[in-house]
Amino acid sequence: MTEAEAIRLAQAGNAAAFEFLYQLHGRRVYALCLRMVGNPADAEDLMQEAFLQLFRKIATFRGESAFSTWLHRMTVNVVLMRLRKKSLPTDSLEETMEPDAENSGPKRDVGAPDLRLAGAVDRVNLERSIEQLPPGYRTVFVLHDVQGYEHNEIADIMGCSVGNSKSQLHKARTRLRELLQEEIRQQAREERKAAKTPTGSLE
Amino acid sequence: MHCKELESVLEAEGLAQLSKDARLHLATCGACQGYVADLNTIITAAKTLPTEVNPPDRIWISLRAQLEAEGLIKEPVEVAERFSWWEGFGAWLKPRTLAAATVAAFVLATAIYVTRVPRNNPPEAAKNQPRVETLSPAQTQAGVSVQPSSVPPANSGPSPAPVPSKNNKELAPSPSESASFTLDQAELDVPNMQLAGNSQVDIALRQNLRTLNAFIAECELHLKQNPQDELAREYLNTAYQQKADLLAAMMEGGRGDN
């Protein structure tokens, strides 16, 4: 069965076609949800909600865009809606989605000595840092640098311009750099502290 | 170009293709070199993150229940069952434990057939096949060449697998056809042997054999219509191996009760 056939059959209510589409796209959708919310329980809820919305609206799909783009758009909307409802004080969606010369996100401290990341970034600390990004930055970064979407696709998914997508991506990367540098400094502090502890002392 | 200008360029255009001015600035500014290097480190690390993660099975189960409850699943599942039965059988055939057992069982089934053949009349087609006369040591030393003969030598060993073809001019059977014939012959012995009574194991084994035969028949029919379908061919070959395993298990149970 091809994807196009499965879509046609699903529009007619065929159970196997629904399952085929779920199996075809489910792993990427789940990975996206998991990275966006950081915990499996919420990711499962969001994934189910995204597919429910997809299957409820599948009769309206006309093929103007790629099916995966349409699905990921729904997924991102579902995730951002959930994050908006949670409305954490530190996460400002408006700040991250609208380019603003006054509040244009993280600024690089030009001229200051920087801690180099080469050789110090691993999967664990990168994932941890991604979780700390504001939702808008996180979405663009995950879609582009992790999932491999192009800016025009991200613009389509998120309903923004290509320029905005590029800007948000750059800010996301700059912010990640700050988070990773802080994490590496924190690790170095802990190692120095541990090294100073006399041998045999109880800590 | 200054550092802030470089940052604006990076924000607008990314890291892929930098302008000449940007590259000139990078060549002379250590801080910006470090900055760009760090961004590249992050990009490289991000590419190593998995793009797919397996969701728990319960998500689909719950989702499907919701789709049925909302009436979004409308059609009966006949086509779906046929599709999923094929897929489900493929999953049944995959476990490594079964695969490990089938290799030995296939050898056993072939050995059973080979030792059984001299007790039965060879198939009609096999009589028409040319047989190679076995040379005695004396003939070998004398350099006597072997000629095809229609009369089988007295002390010939077990004959090769008989060819289930009606016409000598037809091509030799494919490995699949030979395997199918071998297994069908072995299966003839099963009803003649005293199996393990009417135990649940015995009933299950017979049921499995019926299911397997139906699947093999479907695969063979499908392959006749779609000879290029390699997946179906793989399933068929694996099904033959499973049948050999099953027949071996059934015969083992029968011999145990004799």
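Q: What share of chain A is buried in this predicted model?
A: A residue is buried if 20 or more other C-beta atoms lie within 10 Å of its own, with C-beta atoms placed from the backbone. Chain A of this predicted model has 203 residues. By that count, the buried share of chain A is 39%.

Q: What percentage of the contacts in chain A with a separation of 6 or more comes from residues 24 or more positions apart?
A: Two residues are in contact if their C-beta atoms lie within 7 Å. Take the contacts in chain A with a separation of 6 or more. Residues 24 or more positions apart supply 68%.

Q: Where in chain A is the pLDDT below 50?
A: The average pLDDT of chain A is 83, and 83% of its residues score at least 70. One stretch with pLDDT below 50 still has 19 contacts in the model beyond near neighbours in sequence. Where pLDDT is low, the predicted coordinates should not be read in detail. The stretch is residues 89-104.

Q: Which element gives the most residues to the side of chain A that touches chain B?
A: On this side, 41 residues of chain A contact 42 residues of chain B. Elements giving two or more residues are α2 (15-37), α3 (40-57), α6 (123-132), α7 (135-146) and α9 (162-196) of chain A. By class, the chain A side has 19 nonpolar, nine polar and 13 charged residues. With eleven residues, the top contributor is α2(A).

Q: Why is α9(A) classed as it is relative to α3(B)?
A: The axes of α9(A) and α3(B), residues 30-47 of chain B, come within 10 Å. They cross at roughly 95°. Angles of 65 to 115 degrees fall in one class. Therefore α9(A) and α3(B) are roughly perpendicular.

Q: How many charged residues are in the contact of α9(A) with α3(B)?
A: α9(A) brings A:Arg173, A:Leu176 and A:Arg177. α3(B) brings B:Asp38, B:Leu39 and B:Ile42. By class there are three nonpolar and no polar residues. The charged count is three.

Q: Is the crossing of α7(A) and α8(A) left-handed or right-handed?
A: The axes of α7(A) and α8(A), residues 151-158, come within 10 Å and cross at roughly 140°. That angle makes α7(A) oblique to α8(A). The crossing is right-handed.

Q: How many nonpolar residues are in the contact of α7(A) with α8(A)?
A: On α7(A) sit A:Thr139, A:Val140, A:Leu143 and A:His144. They meet A:Ile154, A:Ile157 and A:Met158 of α8(A). Two residues of this contact are polar and no residues are charged. The nonpolar count is five.

Q: Is B:Gln241 buried or exposed?
A: B:Gln241 lies in α11(B), residues 230-257. B:Leu183 is 58 residues away in sequence, yet 9.3 Å away in space, C-alpha to C-alpha. Around B:Gln241, 21 other C-beta atoms lie within 10 Å. The cut-off is 20 or more. So B:Gln241 is buried.

Q: Is B:Lys4 buried or exposed?
A: B:Lys4 is in α1(B), residues 3-13. Its C-alpha atom is 9.7 Å from that of B:Cys32, 28 residues apart along the chain. B:Lys4 has 11, so B:Lys4 is exposed.

Terms used:
Residues are numbered from 1 along each chain as its sequence is written. Chains are lettered from A and ligands numbered from 1 in the order in which they are written. This is a predicted model: local features need pLDDT of at least 70, side-chain atom pairs count only at pLDDT 80 or more; totals for chains, interfaces and linings use all residues. A residue is buried if 20 or more other C-beta atoms lie within 10 Å of its own, exposed if 12 or fewer, and partly exposed in between; C-beta atoms are placed from the backbone. Helices (H or I, at least four residues) and strands (E, at least two) are DSSP runs, numbered from the N terminus. pLDDT is the predictor's confidence in each residue, from 0 to 100. Ala, Val, Leu, Ile, Met, Phe, Trp, Tyr, Cys and Pro count as nonpolar, Asp, Glu, Lys and Arg as charged, and the others, Gly among them, as polar. Axes are lines fitted to C-alpha atoms, for helices over the stretch in contact, and angles run from 0 to 180 degrees between N-to-C directions. Angles under 35 degrees count as roughly parallel, over 145 as roughly antiparallel, 65 to 115 as roughly perpendicular and the rest as oblique. A crossing is left-handed if the near helix is turned anticlockwise from the far one by less than a right angle, and right-handed if clockwise.
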